Number of protein chains: 2
Amino acid sequence: MQQSKFKLADWTARNKSSVMERMLTALSDPDLISFALGLPASDFFPSEEFARCFSRILLKNKRSLQYQPPLKSLKSHIVNLMKTRGLETSEENIFLTTGAQQGANLLVHLLLDFNGDVILEEKTYTGFQQVLKPFAPRIFVIPSSSKDGFDIDALVKILESGVRPSFFYTVCDGHNPLSLNLSIAKRQKLVELARTFKFPIIEDDPYGFLSYDENQFPPLIAFDSEFVFYVGTFSKILAPGLRTGWMIIPEYLTAQLGSLKEASDINTGTLNQHLINEYFDSENFDLHLAKLKEEYKKRRNSLNDALNQNFINRAQWQNPSNGLFTWLELPPEFDTEKILEHSLKTRKVAFIPGHLFNVSDSRIGSNCLRLNFTNNCPDTIFEGIHKIAKVIEEVV
Amino acid sequence: MQQSKFKLADWTARNKSSVMERMLTALSDPDLISFALGLPASDFFPSEEFARCFSRILLKNKRSLQYQPPLKSLKSHIVNLMKTRGLETSEENIFLTTGAQQGANLLVHLLLDFNGDVILEEKTYTGFQQVLKPFAPRIFVIPSSSKDGFDIDALVKILESGVRPSFFYTVCDGHNPLSLNLSIAKRQKLVELARTFKFPIIEDDPYGFLSYDENQFPPLIAFDSEFVFYVGTFSKILAPGLRTGWMIIPEYLTAQLGSLKEASDINTGTLNQHLINEYFDSENFDLHLAKLKEEYKKRRNSLNDALNQNFINRAQWQNPSNGLFTWLELPPEFDTEKILEHSLKTRKVAFIPGHLFNVSDSRIGSNCLRLNFTNNCPDTIFEGIHKIAKVIEEVV
């Protein structure tokens with residue numbers, strides 16, 4: 001890499017390109033079957049409805065292209081949407097963002113000091129890990145398992161040792177990458193810990209609305225709206241190309257977050273705010289979401305069937321209740337980074353090796369694969385899983 | 001303000017709401033004549049063309065709603081656009097952003113360490129000052145004047161004293177708030193200093209394309225593409241509601257900036273990228289920009305005429321060659337914060353008092369007003385300036 005003639009910020013020296021980033025460049029091959037990224041299915045984006053909405057907005061109101069304060073009517077739609085998850089909130093607590101990623105980013109800037117303390121699960125969404133890098137935080141890691149999530153006793157131990165983290169970050173529904181839903185008992189216990197030890201929780205919830213089974217629990221914020229910051233997004237239930245999401249926050253923090261938001265990108269794209277608002281006003285979101293869940297459930301079941309055909313008694317997995325991913329665990333002696341290398345070369349199939357989500361440098365999960373099931377149709381899912389099974393036989 | 005039960009990041013304690021922020025709430029009154037904000041004119045947004053473009057994009061390509069890498073064809077359009085400013089660059093140097101604000105934000109994160117050193121002009125765009133707050137930097141301030149811009153001798157003195165800033169930030173064309181264009185000699189000298197003392201320059205250029213007179217100079221980056229980072233935007237030449245801009249950077253920094261970008265909001269709204277690309281492909285941008293400049297020039301001249309009618313021999317100003325603002329300087333004994341207070345109360349006219357742009361706590365410029373001329377039609381400009389003149393008579 002070329003050296004700059006001036007000094008860059010210190011953190012950049014530690015920011016080596018990751019296996020993940022190097023791998024992602026391989027994904028541009030159009031012949032590849034990819035289970036790698038967290039992509040929703042393009043097929044189900046309501047693009048015709050959006051085209052109608054844009055025409056209506058653009059012809060009636062030029063101010064939809066101007067700088068504007070956050071759209072109150074869109075906040076009302078979000079309040080109603082959250083009711084379907086068992087949460088009562090109000091417009092004053094909704095803060096619009098340029099997608100969930102920005103929500104998490106603003107909250108970190110609000111809460112974390114340079115070199116501050118945070119507690120994370122061993123397996124954490126890599127985009128969130130990226131946010132932390134420039135802060136060079138001291139990270140306390142707790143184990144997490146695909147069976148029942150993070151180890152809450154390990155969390156208690158760290159807190160009892162006197163650590164007061166700037167926050168604890170988690171995904172409760174359709175965990176990324178472990179694909180599980182946290183039990184109700186653990187949700188309650190986590191919120192109790194936050195109150196007792198006075199630390200805030202960042203609840204990242206991109207997948208809570210994508211539920212495929214009856215047995216659903218309310219999000220953490222339904223248990224406590226003072227210590228829990230909720231991060232939501234339209235990316236997975238409408239389309240990521242709109243880059244529109246929201247936070248639910250205590251109202252007294254609006255000004256501080258507003259200052260960070262202004263510094264980040266002034267305001268959330270006005271036109272897309274108006275688009276989503278118009279969509280909720282005049283199209284049928286409930287029907288859209290119901291259909292989306294039905295289609296994704298079919299794909300989830302196809303993946304489950306394909307795994308049953310190819311991996312029964314050779315690997316472990318759970319059919320997830322929410323989200324975009326299934327977590328597949330091979331016996332401990334398998335190395336999924338090596339398998340991926342061969343898979344890309346010989347069969348053109350991609351997935352993400354489990355240890356690439358690790359917060360620490362450990363190899364925990366290097367026998368695991370994160371498999372996305374939303375971005376391929378059932379036939380392709382069967383074909384891809386069969387190929388992965390073949391690669392594994394060849395490599396071993 | 002309500003106290004949180006957990007600790008916020010240290011910088012928030014210093015982040016008191018500014019006079020600027022308190023004032024902005026007054027601007028929501030629809031009867032107000034506002035010269036305050038840097039708004040382009042909604043009337044001239046090409047909304048019908050956009051509606052056509054959206055229909056075409058959405059019906060032909062669902063991937064325009066998906067996560068996607070930056071659109072190469074849009075980068076080509078930007079390369080061509082920059083040619084009109086006398087710059088030869090290439091797609092590999094273009095980095096798409098969620099507006100210019102994000103460009104500046106990412107560059108600060110790339111370059112500045114916590115408690116690092118920066119050099120700023122006394123009068124600096126407040127949105128940029130917001131970016132710096134969480135870094136608690138040591139700021140070296142150099143005087144700036146509406147006649148010939150920042151004091152380059154003061155800059156030399158600081159550099160010769162041994163200070164090596166993480167960057168120097170400036171707006172060369174249509175300076176915000178001072179509304180002047182930097183001389184060619186100063187541009188050359190500034191770039192020489194950057195090379196000699198090895199510090200990068202952040203060139204924020206929202207207004208370079210909005211030129212109203214013949215006498216234009218190339219942007220700083222045309223003099224040096226190694227030490228100058230250029231920040232551009234479609235906000236002022238198409239529409240701010242699209243939140244799409246670009247940086248021009250040395251290619252070797254793409255990975256580090258990409259990591260920061262991913263942490264900020266994953267990618268720049270795909271749909272708006274496709275929209276702007278389609279607009280450049282199939283509509284007439286050159287004609288649009290020519291018309292926009294013609295209309296803005298009329299408004300600039302109306303403001304100049306109104307100032308001549310009401311302030312001749314009572315104040316000083318220059319008719320600006322670029323941008324959205326005229327800087328008006330009253331005699332030193334006037335207090336524009338007091339004038340604004342009365343103006344809002346008795347005549348419902350708004351502007352921004354000059355000292356609110358100060359980096360330091362000084363009152364320098366408290367006899368000055370920043371006046372936007374793009375967001376009002378000529379009649380309203382005359383009415384508003386006449387009212388401000390009346391208020392000044394009443395207050396004194």
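Figure 1. Five of the five residues of strand E14 (residues 368-372) of chain B are buried, so the strand is largely enclosed by the rest of the structure. A residue is termed buried if 20 or more other C-beta atoms lie within 10 Å of its own, exposed if 12 or fewer do, and partly exposed in between, with C-beta atoms placed from the backbone. Strands (E, at least two residues) and helices (H or I, at least four) are DSSP runs numbered from the N terminus. The model is predicted: local features require pLDDT of at least 70 and side-chain atom pairs count only at pLDDT 80 or more, whereas totals for chains, interfaces and linings use all residues. Residues are numbered from 1 along each chain as its sequence is written, and chains are lettered from A and ligands numbered from 1 in the order in which they are written. Both faces of E14(B) are covered, with Cys368(B), Arg370(B) and Asn372(B) buried on one side and Leu369(B) and Leu371(B) buried on the other.

**Figure 2. The open sheet around E14(B).** Three strands of chain B are arranged in the order E11-E14-E13, with antiparallel pairing; two strands pair if DSSP finds at least two bridges between them. E11 and E13 of chain B are the edge strands, each pairing on one side only. Strand E11 (residues 325-329) of chain B is joined to E14(B) by five bridges, and Trp327(B) has Arg370(B) as its bridge partner there. Strand E13 (residues 352-353) of chain B is connected to E14(B) through two bridges. Within this pairing, Ile352(B) stands opposite Arg370(B), while Pro353(B) has Leu369(B) as its bridge partner.

**Figure 3. Helix H11 of chain B and its packing.** Helix H11 (residues 285-311) of chain B comprises 27 residues and spans 37 Å from its first C-alpha to its last, close to the 39 Å expected at 1.5 Å a residue. The expected span is 1.5 Å times one less than the number of residues. The buried residues in H11(B) include Leu292(B), Tyr296(B), Arg299(B), Arg300(B) and Leu303(B). Its buried residues pack against E11, E14 and helix H13 (378-395) of chain B. Just after H11(B), Asn313(B) adopts a positive phi of about 65 degrees.

Figure 4. Glu203(B) lies in strand E8 (residues 201-204) of chain B. With 26 other C-beta atoms within 10 Å, Glu203(B) is buried. Residues are in contact if their C-beta atoms, placed from the backbone, lie within 7 Å. Beyond neighbours within four places in sequence, the contacts of Glu203(B) include Thr170(B), Cys172(B), Pro219(B), Phe229(B) and Val231(B). The C-alpha atoms of Glu203(B) and Val231(B) are 6.0 Å apart, although 28 residues separate the two in sequence.

**Figure 5. Nonpolar cores.** A nonpolar core is a set of buried Ala, Val, Leu, Ile, Met, Phe, Trp, Tyr and Cys residues joined through C-beta atoms within 7 Å. The largest has 144 residues, and those with the most contacts inside it are Ile201(A), Phe229(A), Leu275(A), Ile201(B), Phe229(B) and Leu275(B). Apart from it lies another core, of 38 residues, among them Ile339(B), Leu344(B), Cys368(B) and Ile392(B). Not counting residues up to four places away in sequence, Leu275(A) touches Phe50(A), Cys53(A), Phe54(A), Ile57(A) and Leu242(A). In soluble globular proteins, nonpolar side chains tend to be buried together.

**Figure 6. The contact between chains A and B.** Chain B and chain A contribute 64 residues each to the contact. On the side of chain B that touches chain A, the elements giving two or more residues are helix H3 (47-60), helix H5 (99-111), helix H6 (126-132), helix H9 (254-265) and helix H10 (270-282) of chain B. The residues on this side of chain B divide into 29 nonpolar, 24 polar and eleven charged. Ala, Val, Leu, Ile, Met, Phe, Trp, Tyr, Cys and Pro count as nonpolar, Asp, Glu, Lys and Arg as charged, and the others, Gly among them, as polar.

**Figure 7. The loop residue Phe114(A).** Phe114(A) is placed in the loop between helix H5 (99-111) and strand E3 (117-121) of chain A. It counts as partly exposed, with 18 C-beta neighbours inside 10 Å. Leaving aside neighbours within four places in sequence, Phe114(A) is in contact with Phe135(A), Ala136(A) and Phe114(B).

Notes: Two residues are in contact if their C-beta atoms, placed from the backbone, lie within 7 Å.
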